[in-house]
Amino acid sequence: MSMNNNQNKQDTQKRILLATLISFVFFIAYDFLYLQPQQQAQMQYAKEHPKVDTKNVNVNSVNTNTAGLSKTNAIPNIKEVNKETIASTITTKNAIYEIDSLGRIAQVTLREKKYVDEEGKALKLFNSTQLKPLEVRFADAALNKKAFDTVVTVSSNKLNVLNNSQVLTITQNLGTTVLTKKIEFFADGHYKLNISTSNNQNYFITPGYRPDIAADMYADHGALLTKNDGTLVIIEDEDMDNATELVGIQAVSAFDRYYTTVLYNFDKNMQVSVMKSKDDSPESFIHVANTATLYGYSGPKEYNLLKSFHPELTHIIEYGWFTFLAKPMFVMLQYIHNMVGNWGWTIVITTILLKLVLSPLSHKGMVSMNRLKELAPKIKQIQEKNKDDKQKASMQMMELYKKEGANPMGGCLPIILQIPIFFAIYRVLLNSIELKGAEWIWFVQDLTHKVSMSNLMDPYIIIPILMGATMFVQQKITPNQMQDETQRKMFMMLPFVFTIFFIFFEAGLVIYWTVNNIFTISQQYYINKMFETQREERAKAHDAKKSHKGK
């Protein structure tokens, strides 16, 4: 059995290499053919259908003792009420908060010029009919009904928080109960909330439904909760089956690809109920016994900004399966950006550094592939000579590999080991809002830009074409011993296929891949020249020896 395995090692290498490239194609095709059409469908649906009333939800009774509540309660259902009048407007450096007549955050409008919608207008985070941040639901059904029929009073109709923090007091008089929210807004856009009732009521407060940004819609959106042990609970849209009860929670975030609305307190443990809305998306409610102190924020998931609020808050930036690699990679990107001040050059430098770190591994793989190419004629002779005795052919091939110091699997392993790094940096470049509106050089004005189906003449197409060209050159100079004609044709088509797919990818990712290809070409060219020099030296030595014998 081992003899047959040895004989098939070279074929196994080819199959793995082919499978690796096919996996890359599948990964890209999945984004292009599934995720992006899904995005377009969601955007179209959002235009044609207003969002359903996410406040009419059903939830089973939950035990609230761990949050200090004295009895079993259910989060009450409420009916839609027309309370959209804006009671107060708070302007910070980066955002405008609007408080409605029920004391909820009705809207957050981003002020930075890079945050615009598809029409070029300032980006607004929330749909007008969705569950709003700081909405309160009382455990007492009668009190809850009254709360949704009673407008609040505010200490100020307008606050300009451009330097020092300012406090907005929101009071809702419900007869025997008075609900008070004291919100201290800070210039950077986050706030501190002190909420209480006059007679020890039990109630629930929510960070709201996730930001609903059609311009940046993507598959990653839902709810993320940070536990006191550092672990995360992530519930994506349309993944909810039943209501979920969680304890030991310190941060509750509703998120999409780039933005979040979050309530947190890393000095307290909270109990949270998560339930599904009518569209099966998660909605989170924090249990409160009379009083609570919480911190909140609604806006972009910018790493440095979240870190300035609280270091643990950066955990709400999540990169999927490869988070363990992606997070330190982003930290490295951020460090380099702090020095060079340009995200495009940051990507270029990071790519080169990664290639330098991996170069010994790549070098070994390239050398192995060149050695196998040199041995290909001898391998073919052995196979033809022993075509009726595969065991003998396998033994002779392994002896040849050992003698020549070649490893049939040596060219495959380096490629496989680099796959997680590619996927990690893919997620970083895909999810980092820092790249939004970030310029590089010449026509590259936004590293998150991708060409739409209706705009194929966009100048960014230059980068995918350059990427495809470098991939073609890399393929041409890389040793290839494929005998199967179908496999050869598939490999020849890959640069063209990748170019088409990468037209629809973010510019930052295409820049990474292109620089990676250029570096690989340089390394492969050096290895090829080294082997060519060695062959010439061996040929000269052989001729000299032959000439000496002739004398």
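Reader: How do the residues lining the largest cavity divide by type?
Author: Seven are nonpolar, one is polar and three are charged. Asp, Glu, Lys and Arg count as charged; Ala, Val, Leu, Ile, Met, Phe, Trp, Tyr, Cys and Pro as nonpolar; the others, Gly among them, as polar. This is a predicted model, where local features need pLDDT of at least 70 and side-chain atom pairs 80 or more, while totals for chains, interfaces and linings use all residues. Residues are numbered from 1 along each chain as its sequence is written, and side-chain values use heavy atoms, without hydrogens or water.

Reader: What counts as a cavity?
Author: On a 1 Å grid over the protein atoms alone, it is a set of points where a 1.4 Å probe fits but cannot get out; lining residues have an atom within 4 Å of a point.

Reader: Which residues line the largest one?
Author: Among them are Leu102, Arg104, Leu134, Phe138, Gln172 and Lys181.

Reader: Is Leu134 buried or exposed?
Author: Leu134 is buried, at 0% relative accessibility. Buried means under 20% relative accessible area, exposed over 50%, partly exposed in between (1.4 Å probe, protein chains only). Leu134 also has a positive phi, near 70°, without being a glycine.

Reader: What about phi at Asn290?
Author: Asn290 has a positive phi of about 70°, and Asn290 is not a glycine either. Asn290 counts as buried because its relative accessible area is 14%.

Reader: New topic. How accessible is Thr260?
Author: Its relative accessible area is 0%, so Thr260 is buried.

Key: On a 1 Å grid over the protein atoms alone, a cavity is a set of points where a 1.4 Å probe fits but cannot get out, and a pocket is an open set with protein on both sides within 12 Å along at least five of seven lines; lining residues have an atom within 4 Å of a point.
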